Amino acid sequence: SPKHKYYKEINEVIAEHIKYAAKLDIDNTWELIHDEGEMKVFKREMEEDGMVVDPLKAVHTVKGITGHEVCHYFWNPDVRMEWEGTLESAQVLDWFSEDTCVCYQIHKKVWPTTQREALFWTQIRHVPNEDEDEDGPDYWIVCNYSIPDHDKCPASKNVRINMNVAMVCETSMEPPSSHDGEITRDHITCRITYAANVNPGGWAPASVLRAVYKREYPKFLKRFTQYVMDQTKDKPIMF
Ligand SMILES: CC(C)(C)c1cc(CCc2ccccn2)cc(-c2ccc(S(=O)(=O)CCO)cc2)c1
């Protein structure tokens with residue numbers, strides 16, 4: 001029985017992201033817009049009713065942190081203002097379950113566009129390796145998905161963005177033979193696939209939006225992953 005209104009939608013959206021992350025089909029329809037070290041950021045140029053809605057996909061490999069840790073800090077609404085530099089405010093309106101809540105956040109105004117806000121459910125989920133052989137994929141995933149309304153959503157004059165964002169992580173550890181049992185952060189690597197489909201809503205000049213994409217997303221990924229490394233370096237590993 002559906003436990004809440006969005007139960008079915010959440011399972012469908014998450015399944016879709018897992019399918020795409022597993023495929024990781026970066027073919028020539030994706031344009032590389034940023035290539036720095038292990039981080040590669042791609043976009044596709046797309047418009048919906050004259051609105052730039054370029055899908056964005058980024059892949060990044062970070063040593064010393066796990067997919068569980070990356071997803072925990074990306075999902076946890078309590079720390080969002082600590083790493084999300086584009087936010088003016090963020091609040092939880094509702095909890096569907098312990099891993100799923102509804103967030104309402106107002107982004108800082110980006111000249112010359114109107115101020116924007118987002119209302120979305122966010123879920124963190126561990127997708128263990130289902131086939132019995134050991135080396136199947138084991139994912140941690142967070143998905144942020146816009147909803148049209150919520151009775152606790154404050155009235156505002158801001159433009160509402162429409163987003164479907166997913167952070168999918170896979171952790172690899174060096175083979176056990178290389179250490180006598182104790183796994184340290186030197187033995188772990190996290191492969192991050194970040195997919196963002198954001199319709200900024202309202203009107204904004206295509207040139208401005210494309211400049212923002214190009215500048216903001218790599219900055220966000222670097223700042224966020226650095227935040228996770230800083231938060232976790234002296235803490236026990238979250239596997
Ligand atoms: C323009 C575009 C880059 C698509 C854009 C514009 C704005 C609204 C702020 C803004 C920026 C530029 C122009 C107008 N408004 C927000 C976002 C956005 C929202 C959420 C997430 S998240 O990964 O879910 C992390 C949680 O916040 C990432 C990106 C993207």
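Asp 54 is buried, with a relative accessible area of 0%. Buried here means under 20% relative accessible area, exposed over 50%, and partly exposed in between, for a 1.4 Å probe and protein chains only. The model is predicted: local features need pLDDT of at least 70, side-chain atom pairs count only at pLDDT 80 or more, and totals for chains, interfaces and linings use all residues. Residues are numbered from 1 along each chain as its sequence is written, and side-chain values use heavy atoms, with hydrogens and water left out.

Asp 54 forms a salt bridge with Arg 210, and the closest N and O atoms are 2.6 Å apart. Asp 54 lies in the loop between strand E4 (51-52) and strand E5 (56-63), and Arg 210 lies in helix H4 (residues 206-232), so the pair ties together parts that are 156 residues apart in sequence. A salt bridge is a side-chain nitrogen of Lys or Arg within 4 Å of a carboxyl oxygen of Asp or Glu. Helices (H or I, at least four residues) and strands (E, at least two) are DSSP runs, numbered from the N terminus. Arg 210 is also buried, with a relative accessible area of 18%. Both residues belong to a network of salt bridges that also links Lys 43, Glu 45 and Glu 47.

A search of the whole structure finds 14 salt bridges. Side chains of opposite charge can pair when their charged atoms come close. Another of these pairs joins Glu 69 to Arg 185, with the closest N and O atoms 2.8 Å apart. This pair links distant parts of the chain. Glu 69 is in helix H2 (residues 67-75), and Arg 185 is in the loop between strand E11 (162-173) and strand E12 (188-199), 116 residues apart. Both Glu 69 and Arg 185 are buried. A further salt bridge connects Asp 35 and Lys 40, the closest N and O atoms being 3.4 Å apart. Here Asp 35 is partly exposed at 45% relative accessibility. Lys 40 is partly exposed at 32%.

The structure holds zero disulfides. A disulfide is a pair of cysteine sulfur atoms within 2.5 Å. The closest cysteine sulfur to that of Cys 103 belongs to Cys 101, at 3.9 Å, which is too far for a bond. Cys 190 is likewise in no disulfide, and the nearest cysteine sulfur, that of Cys 169, is 4.0 Å away. Cys 103 is buried at 3% relative accessible area. Cys 190 is buried at 0% relative accessibility.

The largest nonpolar core has 43 residues. Such a core is a set of buried Ala, Val, Leu, Ile, Met, Phe, Trp, Tyr and Cys residues joined through side-chain atoms within 4.5 Å. Helix H4 gives the largest share of this core, eight residues. The residues with the most contacts inside the core are Val 70, Phe 74, Met 167, Tyr 194, Phe 220 and Phe 224. Met 167 touches residues that include Cys 71, Trp 140, Ile 141 and Ile 192, not counting residues up to four places away in sequence. Contact means heavy atoms within 4.5 Å. A second, separate core of 21 residues includes Ala 21, Val 102, Val 127 and Cys 143.

The ligand is surrounded by 20 residues. The closest are Glu 84, Gln 105, Arg 116, Asn 144 and Tyr 194. Gln 105 places a polar side-chain atom 2.7 Å from an oxygen atom of the ligand. For Asn 144, a polar side-chain atom lies 2.9 Å from a ligand oxygen atom. For Tyr 194, the distance from a polar side-chain atom to a ligand oxygen atom is 2.7 Å.

The side chain of Gln 105 also makes a polar contact with that of His 107, at 3.3 Å. A polar contact is a pair of N or O atoms within 3.5 Å; within protein, one must be able to donate a hydrogen and the other to accept it, and residues adjacent in sequence count only if both atoms are side-chain atoms. His 107 is found in strand E7 (residues 100-107). His 107 is buried, with a relative accessible area of 13%. Leaving out residues up to four places away in sequence, His 107 touches Glu 84 and Arg 116, among others.

How values were computed: Near = heavy atom within 4 Å.
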